[in-house]
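Below is a short briefing on a single protein model. It is grouped by topic and meant to be read alongside the coordinates.

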Amino acid sequence: LSLRSQCDLELLATGAFSPLDGFMGKADYLSVLENMRLENGLLFPIPVTLPIGDDVKVEIGDEIALRSAKFDLLAVMKVEEIFGWDLEFEAKSVAGTVDTSHPLVAEMHSWGNRYISGQIKVLDLPKNPDFKELRLTPTETRNELKRLGNANVVAFQTRNPMHRAHEELTKRAAEKINGTLLIHPVVGKTKPGDVDHYTRVRCYKALFESYYDKNSTVLGLLPLAMRMAGPREALWHAIIRRNFGANNFIIGRDHASPGNASD
């Protein structure tokens, strides 16, 4: 699996992409591109698909191993669908452009011409040895939020180091709803040129330890492969954070354009 597909598999396995529970088949994929909804009508604005290279030989009914870049066995898929896709149509629908200066569009050119889907049996989650205490699943995050005892939860999305304005914004948001703050930065695939996630997480930890009330704040990491897809992505993040227990959401500017240097 590519890093993007590995991130997607982990979030599918843990329920972060609920109601989606597997890589999309053709009907869901087309419905999402055209209507931002799954075929059953449920809101889901971003396609989550599994591309395969043109050199990969696979047929309907095959059972295939899904492995990490380090060859760790993560899951087994029984292939139920193999279908082609239109790069220009997907790029315009999701990213709003076919310009390869957009990082997602540039990456799409390396995906191959087919997507596959089918029933997945997850055997193991990707091994991420760094910051293990912060890599909370949706269930673990909801349990931690429940422990703090506030019904209202506001989540803050970022892929960049936080600065003083972020601190003020997040504290005021939590105070306004009289609830808990979930600081939930992305540590999966972001965009080329971003500050590495090791540095970013050290910044988040320093802020959390020194400047936030531990009785009303949770810090967790999200291994998400961002799409940089503007409004669609912002809505997608809200759905994901709802699955982690939030019922309010602070949106920055880092979804909209790959050129933005700050949230």
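The model is predicted. Its largest nonpolar core holds 51 residues, and a parallel open sheet is built from 4 strands.

**Sheet**

- The strand order in the open sheet is 7-6-5-8, with parallel pairing.
- Strand 7 (217-219) and strand 8 (248-250) are the edge strands; each has a single partner strand, so one side of each has no neighbour in the sheet.
- On average, neighbouring strands of this sheet are turned by 20° against each other, direction ignored.
- Strand 5 (residues 153-156) pairs with strand 6 (residues 180-183) in the parallel sense, over 4 bridges.
- Within this pairing, Ala-155 is opposite Leu-182 in strand 6.
- Helix 6 (residues 164-177) packs on the sheet and touches strand 5, strand 6 and strand 8. The direction of helix 6 makes about 165° with that of strand 5.

**Nonpolar cores**

- In the largest nonpolar core, of 51 residues, the members that touch the most other members are Phe-17, Leu-20, Phe-44, Val-48, Leu-224 and Trp-236.
- Strand 3 (residues 73-84) supplies the largest share of this core, 5 residues.
- Not counting residues up to four places away in sequence, Leu-20 touches Leu-12, Leu-38, Phe-44 and Val-48.
- Another core, of 19 residues, lies apart from it; Phe-131, Phe-156, Tyr-212 and Ile-250 are among its members.

**Aromatic pairs and charges over rings**

- The count of aromatic pairs is 8.
- For Tyr-29 and Phe-83, the ring centres are 5.8 Å apart and the planes are at 45°, so the pair is classed as tilted.
- Tyr-29 belongs to helix 2 (residues 26-35) and Phe-83 to strand 3, so this pair ties together parts 54 residues apart in sequence.
- Both Tyr-29 and Phe-83 are buried.
- One aromatic cluster is formed by Tyr-29, Phe-83, Trp-85, Trp-111 and Tyr-115.
- Lys-171 is placed over the face of Tyr-212, 5.2 Å from the ring centre.
- Lys-214 is placed over the face of Phe-208, at 5.2 Å from the ring centre.

**Helix 2**

- Tyr-29, Ser-31, Val-32 and Leu-33 are the buried residues of helix 2.
- These buried residues pack against strand 3, helix 3 (87-94), strand 4 and helix 8 (230-243).
- Met-36 follows helix 2 and has a positive phi, near 60°.

- Glu-107 is located in helix 4 (residues 103-108). Its relative accessibility is 16%, so Glu-107 counts as buried, the cut-off being under 20%.
- Glu-107 is in contact with Arg-4 and Lys-189, leaving aside neighbours within four places in sequence.
- Lys-127 is located in the loop between strand 4 (114-122) and helix 5 (138-148). With a relative accessibility of 55%, Lys-127 counts as exposed, for which the cut-off is over 50%.
- Between Lys-127 and Ile-52 the separation is 75 residues in sequence and 22 Å in space, C-alpha to C-alpha.

Methods. Residues are numbered from 1 along each chain as its sequence is written. This is a predicted model: local features need pLDDT of at least 70, side-chain atom pairs count only at pLDDT 80 or more; totals for chains, interfaces and linings use all residues. Side-chain values use heavy atoms; hydrogens and water are left out. Two strands pair if DSSP finds at least two bridges between them. Helices (H or I, at least four residues) and strands (E, at least two) are DSSP runs, numbered from the N terminus. Axes are lines fitted to C-alpha atoms, for helices over the stretch in contact, and angles run from 0 to 180 degrees between N-to-C directions. Contact means heavy atoms within 4.5 Å. A nonpolar core is a set of buried Ala, Val, Leu, Ile, Met, Phe, Trp, Tyr and Cys residues joined through side-chain atoms within 4.5 Å. Buried means under 20% relative accessible area, exposed over 50%, partly exposed in between (1.4 Å probe, protein chains only). Rings of Phe, Tyr and Trp (its six-membered ring) pair if their centres lie within 6.5 Å; planes under 30 degrees apart count as stacked, over 60 as edge-to-face and the rest as tilted. A charge sits over a ring if NZ of Lys or CZ of Arg is within 6 Å of the ring centre and within 35 degrees of the ring normal.
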